[in-house]
Protein chains: 2
Amino acid sequence: MRISFIGSGNVATHLAAAFKNAGHQIVQVYSPTQANADILAYHVKAEAVYKLSDLSQQVDLIIISVKDDAIADVAKNLNTTRAIIVHTSGSTPLHVLNNNQQYGVFYPLQTLSKIKEVDMREVYLAVEASSDNVLNKLKGLAQDISNHVIELDSEKRLSLHVAAVFASNFTNHLYTLAKHVLTKNGLDFDLLIPLIREVADKVATFNPEDVQTGPAVRNDQAIIHKHMDFLKNDETLLAVYELLSQQIINLYHKD
Amino acid sequence: MRISFIGSGNVATHLAAAFKNAGHQIVQVYSPTQANADILAYHVKAEAVYKLSDLSQQVDLIIISVKDDAIADVAKNLNTTRAIIVHTSGSTPLHVLNNNQQYGVFYPLQTLSKIKEVDMREVYLAVEASSDNVLNKLKGLAQDISNHVIELDSEKRLSLHVAAVFASNFTNHLYTLAKHVLTKNGLDFDLLIPLIREVADKVATFNPEDVQTGPAVRNDQAIIHKHMDFLKNDETLLAVYELLSQQIINLYHKD
């Protein structure tokens with residue numbers, strides 16, 4: 001397939017590389033930020049374009065991978081009857097693309113950073129489409145790069161994205177907070193790596209509710225107060241400690 | 001070495017198994033809950049005792065692995081000049097054991113559940129002791145079961161424990177919340193496993209600050225409001241979403 005990208009961020013970068021490696025042709029990469037378009041276009045041997053009006057309509061698929069609130073605007077300005085138009089957002093409904101003829105969604109459930117390679121075959125790809133015909137094409141394409149292709153409607157995809165924000169984005173923020181504590185006390189973040197890996201590994205086999213550990217699940221008030229006293233000069237850390245400890249206590253110690 | 005355990009919970013269970021496997025003898029396991037003492041004693045071929053007064057003093061090491069606020073009391077009732085007395089708590093200072101002659105701390109930095117095996121060799125073990133002589137003995141013992149033995153004073157060990165609560169206990173709670181969202185919407189928690197693994201894997205190589213992804217780090221207010229609207233009937237989820245999103249925005253979008 002001949003594929004073009006609108007956007008050159010984390011998601012576009014990883015999807016373009018995966019499709020290129022699977023034997024598809026990346027035709028153009030659009031970004032208003034010239035350097036970003038140039039870098040991604042160079043890596044996937046595509047043409048970089050900096051104006052939407054320079055996008056060729058002679059492709060099979062246009063992947064819109066831009067900030068969520070820009071998707072609808074971008075899609076309105078496309079004028080193609082040939083290409084399927086898809087976006088890659090977890091939380092944007094399919095129908096924002098409905099001024100096009102053939103459209104769909106292609107949502108990779110993964111935390112993607114340009115600086116880190118990812119094995120796309122292990123990534124869940126959620127697809128949705130404007131018709132069975134388009135759906136079949138998108139599923140085939142998705143299966144070229146992932147072993148885990150699933151069909152989800154817009155509402156279920158939104159719920160998956162919300163869950164992913166908790167399990168991924170917020171978790172990474174907790175790692176940032178943990179690193180802050182260690183750095184301030186002259187300790188290295190790497191001390192936590194085996195622990196972090198084990199917590200992630202545990203829930204591949206067990207329900208997270210069944211393997212909760214720590215002072216809050218034991219309702220160990222002496223330790224909780226000692227920790228909160230230790231954190232008393234840092235409002236950010238203290239607010240998280242207090243809220244999450246209280247939630248864990250409420251969950252496991254409903255009188 | 002001849003080792004006895006006071007306590008039969010998650011930490012005692014994993015340490016006793018590791019020492020047994022490393023060739024040490026587990027002499028007694030004490031728990032006031034008879035069934036718990038019996039199970040662990042059976043697994044490590046030790047004698048189960050249910051009264052502290054039945055603990056033999058003819059051992060080299062007594063490991064106190066009980067709820068943190070019970071450690072000092074237990075230690076006061078021990079009467080041995082021969083055995084080294086250690087506790088396994090991250091947040092309890094060394095000096096609570098100072099009515100004994102030889103004492104120390106043996107803190108495994110890991111989330112330990114009886115139902116899940118752990119490779120103790122990969123676990124950081126933080127040791128502290130009442131004298132250089134005791135410290136050397138404890139380090140030798142720690143190295144029998146772990147490749148990652150470190151020396152930490154009580155204050156640094158407390159900071160490590162606080163950081164671990166964020167990176168481990170709170171992270172697991174976020175997995176619980178994510179599962180709640182998915183279950184409520186008819187989706188399977190397993191969908192998140194590749195994502196959870198990748199988030200953990202990323203920070204083994206990169207600083208968590210440098211690989212933060214999601215709506216908050218993009219300050220994507222449209223998505224954030226959509227998610228908060230989606231969660232509006234669940235105070236628990238909403239409180240976490242609001243606090244952590246705002247913290248991430250503050251961190252990456254100062255003024």
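User: Which residues line the second largest cavity in this model?

Analyst: In this predicted model, the second largest cavity is lined by A:Thr111, A:Ser168, A:Asn169, A:Asn172, B:Val199, B:Lys202, B:Val211 and B:Thr213. Helix 5 of chain A and helix 6 of chain B are the elements that give two or more residues to this lining. Helix 5 of chain A provides the largest share, 3 residues.

User: What makes these residues count as lining the second largest cavity?

Analyst: A lining residue must have an atom within 4 Å of a cavity point. A:Thr111 and B:Thr213 are among the residues listed for this lining, so each of them has such an atom.

User: How is the lining of the second largest cavity divided by class?

Analyst: It has 2 nonpolar, 5 polar and 1 charged residues. Lys counts as charged, so B:Lys202 belongs to the charged class.

User: Why is this space called a cavity and not a pocket?

Analyst: A cavity is a set of points where a 1.4 Å probe fits but cannot get out, whereas a pocket is open. The space of about 30 Å³ is listed as the second largest cavity, so the probe fits there but cannot leave.

User: What makes the pair B:Asp68 and A:Arg218 a salt bridge?

Analyst: The rule asks for a side-chain nitrogen of Lys or Arg within 4 Å of a carboxyl oxygen of Asp or Glu. The closest N and O atoms of B:Asp68 and A:Arg218 are 3.2 Å apart, so the pair meets the rule. Across the interface of chain B and chain A, 10 salt bridges are found.

User: Which element gives the largest share of the side of chain B that touches chain A?

Analyst: Helix 5 of chain B does, with 26 residues. The residues on this side divide into 51 nonpolar, 23 polar and 19 charged.

User: How much area do chain B and chain A bury between them?

Analyst: They bury about 8900 Å², 69% of it on carbon and sulfur atoms. In this interface, 93 residues of chain B are in contact with 93 residues of chain A.

Definitions and conventions. Residues are numbered from 1 along each chain as its sequence is written. Chains are lettered from A and ligands numbered from 1 in the order in which they are written. This is a predicted model: local features need pLDDT of at least 70, side-chain atom pairs count only at pLDDT 80 or more; totals for chains, interfaces and linings use all residues. Side-chain values use heavy atoms; hydrogens and water are left out. Contact means heavy atoms within 4.5 Å. Buried area is the accessible area (1.4 Å probe) that two parts lose on being put together, summed over both. Helices (H or I, at least four residues) and strands (E, at least two) are DSSP runs, numbered from the N terminus. On a 1 Å grid over the protein atoms alone, a cavity is a set of points where a 1.4 Å probe fits but cannot get out, and a pocket is an open set with protein on both sides within 12 Å along at least five of seven lines; lining residues have an atom within 4 Å of a point. Grid points are joined across faces, edges and corners, and a volume is the space filled by probe spheres set on the points.
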